[in-house]
Amino acid sequence: MAIVYGFAGFRLKECGICFAPITHSDWEAYRFKIKYEDSRIMINVDQKECEFILEYGTPKRIMVYGSDYILENKIVIPIKDNYNKAEA
């Protein structure tokens with residue numbers, strides 16, 4: 001859970017699920033899956049981008065670095081190294 005809540009910045013808020021992924025300089029990448037309502041989402045994070053894949057279920061509203069997205073299939077977002085999670 002340290003990776004999910006810490007490095008991936010996962011938060012469950014009233015507006016839905018939120019992420020603010022960061023990477024560790026010694027790691028190439030990390031990945032994990034979450035089940036949210038009727039859906040399973042795979043999250044892949046590397047040094048340059050984070051990828052959100054809806055493996056099954058209905059489309060989900062997600063927030064990444066404070067911006068809203070509708071995850072219907074796959075979303076790829078560049079990593080924001082200087083993102084301040086307190087702003088989200």
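## Surface and overall fold

The protein chain exposes about 5,400 Å², of which carbon and sulfur atoms supply 50%. The model described here is predicted. Of the 88 residues of the protein chain, 40% count as buried.

Among contacts between residues at least 6 apart in sequence, 31% join residues at least 24 apart.

## The nonpolar core

The largest nonpolar core of the model has 23 residues. Those with the most contacts inside this core are Ile17, Phe19, Phe32, Ile34, Ile43, Cys50 and Phe52. Six strands each supply at least two residues of the core: β2 (16–19), β3 (29–36), β4 (39–46), β5 (49–56), β6 (60–64) and β8 (74–78). Strand β3 gives the most, with four residues.

## Aromatic pairs

The count of aromatic pairs comes to three. In one of them, phenylalanine 10 and phenylalanine 19 are tilted, at 5.4 Å centre to centre and with 50 degrees between the planes. Both phenylalanine 10 and phenylalanine 19 are buried.

Phenylalanine 19 also forms an aromatic pair with phenylalanine 52. This pair is likewise tilted, with 5.1 Å from centre to centre and 55 degrees between the planes. The pair links distant parts of the chain, since phenylalanine 19 lies in strand β2 and phenylalanine 52 in strand β5, 33 residues apart. Phenylalanine 19 and phenylalanine 52 are both buried. Together, Phe10, Phe19 and Phe52 form one aromatic cluster. Two members of this cluster, Phe19 and Phe52, are also among the residues with the most contacts inside the largest nonpolar core.

## Residues with positive phi

Glutamate 37 is a residue other than glycine with a positive phi, near 55 degrees. This glutamate is found in the loop between β3 and β4. Glutamate 37 counts as exposed because its relative accessibility is 57%, and the cut-off for that class is over 50%.

Tyrosine 65 likewise has a positive phi, near 50 degrees, and is a residue other than glycine. Its place is in the loop between β6 and β7 (67–71). Is tyrosine 65 buried or exposed? Tyrosine 65 is buried, because its relative accessible area is 5%, and buried means under 20%.

How values were computed
Residues numbered from 1 in each chain as written. Predicted model: local features only at pLDDT ≥ 70, side-chain atom pairs only at ≥ 80, totals over all residues. Heavy atoms only, no water. Core = buried A, V, L, I, M, F, W, Y, C linked by side-chain atoms within 4.5 Å. Buried < 20%, exposed > 50% of the residue type's maximum accessible area, 1.4 Å probe, protein only. Contact = heavy atoms within 4.5 Å. Areas by Shrake-Rupley, 256 points an atom, 1.4 Å probe, with all protein chains shown as cover. Phe/Tyr/Trp six-rings, centres within 6.5 Å; stacked < 30°, edge-to-face > 60°.
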